[in-house]
Amino acid sequence: ALLLALNPAQVWQAGFSTAEVLAQILLLAGFSTLARFTDRPGWLVTPLLSGAFFGLAFFARYDSIMVGVPVTFLLILFRGEREHRRQVLGFVLTFSLVVLHAWLHMRILAPRYHPMSGLVNPALALSPVIAVALMAGTWTGPGQGLVRRLVERQAWLRLAYAVSFVAFIFFAWYVRPHLTVDGRVSNVVKAILAALGQPGWLNVLAGEDALTFYLLRAVFGTPGLVLACAGVVVLAWRLSGRGAAIWLAASFGVMAILVTNAFNDLFLMWVSRRYVPVVVPLLTLGIVACARELHRGLSAVMAPLARPAAAGLIALVAVLFAPKAWAVASSRDWPGLVAWYDNLYRAIPAGATVCCDAPGFAAPLRFLYGIRAFEITGDGTCAEALRRPGVVNAAAGGPLVVLTMRDQPACRGVALEPLARLDLRSSVLQAGWTRVPTSTMGRGGRFVLYRATVRDD
């Protein structure tokens, strides 16, 4: 708990009204209740609670589907004995109902925030088919015996997990970043791919976000990340119970996806928030596992030193975390922004519709002040964008105003009347690749609020 509370990414995201910390709590609750019922046949309340927690995590952050769906498949696969099937079905039913409710909420009430497109809709549509297929294939006939024999070979499963995890860390931390530059590593990989007749795979292996692992290193620091990764291997060997195995497998899968693709600009604050729900708890428990393994080893040879050494290791990592955590905890992004928005609100005519070309500035007007506000994107000036189909209709005959930081030249058919000039002088934490920021940089500028009149000529 101490390491989790001091993790810079955790502290940083706690200062924002985002859903990552809530998703983390719900997922941890889901895994905790999952571990309780997977080894205790007959209990029905805990699987219902676990399914609800995983479903609510999807409600908090739709990308939690990367956790909930694999957990469901693994639960069906590895806990399909007759005495457990009632629990598994209870979990699947509860999880499915909450996810369905969340999907309907996104489609009906919040379709503009993030359209359910890309991989999310196909994954949701295909998941029930795969779940039913797994039940049919592993709960009856020869598939049931195959799964039983697979589970009995736990040593091989643990070894496969450990080797896969170490290989992925080596590739993501060392090999992949070197594929983007000429050097020994890239030349060796090119030669191997050429021998295989697949030279084009080099771009696939490097990808667009080859340096993403450096952002994870910035959050934990090199010593902390080495300990964390070693600890995950320890967990693979030491943890018992199928609930723990499902947690390890699902968490590793999410970590591999997020380290391979940042799904955003390579900006530490945005990327680190994606690590909070799953990756930060996994690696934090890895550090704890290293401390416990140190205690276990010393207890056999130097018992008086076992507890101080283990506590000292935890304290060392906490000390390494503390300066970064203090920097992000003591800094406040965008000071003065609330007062600036209050002044902007007073300058906007009653009943007006606002069009803004500054990214992110329209949303607070809509959600905090109840003003119809739209963010204009694309080429050209904001005034030119007012002539696009649908923008004029959004104003519904009321005043139409433009909030912009750019000069607005005269546009054909659009008359602009300045209403107010609003200077914003604020600051945010300095962005950095290799470290958590400890200094601030200025943000803001001169905004101008125009009344726009769109004519048909």
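1. How many cavities of 30 Å³ or more does a search of the whole structure find? The search turns up 2; a cavity here is a set of points on a 1 Å grid over the protein atoms alone where a 1.4 Å probe fits but cannot get out. The largest cavity has a volume of about 80 Å³, a volume being the space filled by probe spheres set on the points. Helix H5 (65-78) and helix H13 (242-260) are the elements that give two or more residues to its lining. Among the lining residues are Leu-27, Arg-61, Met-66, Val-254 and Arg-274, and lining means having an atom within 4 Å of a point.

2. A word on the basis: this is a predicted model, where local features need pLDDT of at least 70, side-chain atom pairs count only at pLDDT 80 or more, and totals for chains, interfaces and linings use all residues. Residues are numbered from 1 along each chain as its sequence is written, and side-chain values use heavy atoms, with hydrogens and water left out.

3. Now for Thr-33, which sits in helix H3 (residues 20-38). Thr-33 counts as buried because its relative accessibility is 10% (buried is under 20%, exposed over 50%, partly exposed in between, with a 1.4 Å probe and protein chains only). Beyond its neighbours within four places in sequence, Thr-33 touches Thr-46, Leu-49, Ser-50 and Phe-53 (contact: heavy atoms within 4.5 Å).

4. Leu-93, in helix H6 (residues 85-108), is exposed at 53% relative accessibility.

5. Last, Arg-406: look in the loop between strand S3 (400-404) and strand S4 (414-429) (helices, H or I, have at least four residues and strands, E, at least two, as DSSP runs numbered from the N terminus). Arg-406 is partly exposed, at 41%. Arg-446 is 40 residues from Arg-406 in sequence, yet their C-alpha atoms are 8.8 Å apart.

Technical notes. 1 Å grid on protein atoms, 1.4 Å probe; cavity = no way out; pocket = protein on both sides within 12 Å on 5 of 7 lines; lining within 4 Å.
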